[in-house]
Amino acid sequence: MNTAQDIVLAEPRGFCAGVDRAIEIVERALAKFGAPIYVRHEIVHNTYVVNDLKAKGAIFIEALSDVPPGATLVFSAHGVPKSVEREAEERGFQVFDATCPLVSKVHVEVAKLRKEGYEFIMIGHKGHPEVEGTMGQLDGGIHLVEDVQDVARIQPAQEAKLAVVTQTTLSVDDAAGISAAVKARFPQVREPKQQDICYATQNRQDAVKLLAPKVDVVIVVGSPTSSNSNRLRELAAKLGTEAYMVDSADELQPAWVEGKQRIGLTAGASAPDILVRQVIERLRALGAVSVSKLAGIEETVKFPLPKGLRLEGAAEVNLEHLR
């Protein structure tokens with residue numbers, strides 16, 4: 001018999017300010033200009049959110065050649081290389097940039113230091129759109145490292161002016177380890193004034209560090225493409241707690257919670273709260289009888305929307321169905 005008793009929610013979990021803003025940009029563009037609105041790459045890495053926006057008339061593309069002339073185009077929260085910005089301008093699209101302001105901050109820093117003659121070491125995951133966007137701010141002189149072993153292999157053209165930048169959604173602990181290896185090999189390296197890993201990624205990882213030792217299993221709500229969701233699952237497992245990630249409630253396997261007294265539940269920064277609620281309902285159906293919440297940081301960050309998306313005379317966009 002299943003003895004699962006208590007669901008323990010991590011705090012904070014789910015949507016961050018950058019994700020909220022990105023989704024609202026697409027929703028407002030649809031409300032103001034009508035469907036279709038074209039979005040380069042998934043606006044955020046969440047299947048439910050993407051499907052919700054598709055149903056409302058958003059079309060997700062990778063190549064700008066798939067966007068018709070005169071269309072409205074939104075750049076995803078992960079940011080884009082300069083070459084994509086230039087192509088969008090040349091093609092004359094109306095562009096709204098949903099790049100997370102914390103990613104844009106990294107782009108600005110890279111451009112500024114490049115003018116001062118710096119080369120860069122970027123800590124991140126190859127192929128992730130945020131990494132492609134940041135590396136694509138420059139024509140060269142930026143070296144990607146995914147692990148400590150990569151640090152030994154890179155060959156910068158010079159070492160006097162070398163700076164480190166980091167993908168914003170990495171594991172804080174993993175990034176610190178790689179950063180230490182960079183510093184050991186290149187003692188003169190310039191580190192970011194404030195670490196690049198975003199507040200929301202840090203807060204959700206800190207919440208899992210608090211949650212994992214208190215429960216028998218951790219369930220992370222997030223899509224397979226979501227870097228920060230994957231890091232939450234890995235972190236819980238590293239702390240010695242069984243951990244699984246689900247894109248939706250129906251992916252949850254009864255065997256994972258069979259005989260578990262306390263089930264920890266969290267969600268990546270791109271996962272809407274409605275999915276967490278559905279997972280709670282599924283766990284209740286499997287025998288969970290109570291839900292409690294761990295104390296944690298309350299996030300109050302809010303990012304402004306780009307100009308040109310005010311909805312004069314129209315109802316404000318409501319994202320409550322995702323929360």
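Helices (H or I, at least four residues) and strands (E, at least two) are DSSP runs, numbered from the N terminus. The views below show a predicted model, in which local features need pLDDT of at least 70, side-chain atom pairs count only at pLDDT 80 or more, and totals for chains, interfaces and linings use all residues. Residues are numbered from 1 along each chain as its sequence is written, and side-chain values use heavy atoms, with hydrogens and water left out.

**View 1. Cysteine 100 lies in the loop between strand 5 (94-97) and helix 4.** The residue counts as buried at 12% relative accessibility, where buried means under 20% relative accessible area, exposed over 50% and partly exposed in between (1.4 Å probe, protein chains only). Gly18, Ala77 and Phe303 are in contact with cysteine 100 when neighbours within four places in sequence are left aside; contact means heavy atoms within 4.5 Å.

**View 2. Cysteine 16 occupies the loop between strand 1 (6-9) and helix 1.** Its relative accessible area of 11% makes cysteine 16 buried. Beyond residues up to four places away in sequence, cysteine 16 touches Tyr199, Ala200, Arg204 and Ala269.

**View 3. The UniProt record assigns a "binding site" to Cys16, Cys100 and Cys198 (unreviewed entry).** These residues are spread over 183 residues of sequence but cluster in space, with a largest C-alpha distance of 10.1 Å. Cys16, Cys100 and Cys198 also belong to the lining of the largest cavity. UniProt positions are given in the numbering used here, feature names are shortened, and annotations may be inferred rather than shown by experiment.

**View 4. The largest cavity has a volume of about 280 Å³.** On a 1 Å grid over the protein atoms alone, a cavity is a set of points where a 1.4 Å probe fits but cannot get out, and lining residues have an atom within 4 Å of a point. Grid points are joined across faces, edges and corners, and a volume is the space filled by probe spheres set on the points. The structure holds two cavities of 30 Å³ or more. Lining the largest cavity are 23 residues, with Val19, Ala77, His78, Thr169 and Asn228 nearest its centre. Helix 1 (17-33), helix 4 (101-115), helix 8 (199-211) and helix 9 (227-238) are the elements that give two or more residues to this lining. Helix 8 provides the largest share, three residues. By class, eleven lining residues are nonpolar, eleven polar and one charged; Ala, Val, Leu, Ile, Met, Phe, Trp, Tyr, Cys and Pro count as nonpolar, Asp, Glu, Lys and Arg as charged, and the others, Gly among them, as polar.

**View 5. Glu130 carries the UniProt feature "active site" (unreviewed entry).** Glutamate 130 is found in helix 5 (residues 129-135). With a relative accessible area of 3%, glutamate 130 is buried. Not counting residues up to four places away in sequence, glutamate 130 touches His78, Val103, Thr166, Gln167, Thr168 and Thr169.

**View 6. The second largest cavity contains about 50 Å³ of space.** Its lining consists of Ser171, Asp173, Asp174, Arg231, Glu234, Leu235 and Lys238.

Conventions
On a 1 Å grid over the protein atoms alone, a cavity is a set of points where a 1.4 Å probe fits but cannot get out, and a pocket is an open set with protein on both sides within 12 Å along at least five of seven lines; lining residues have an atom within 4 Å of a point.
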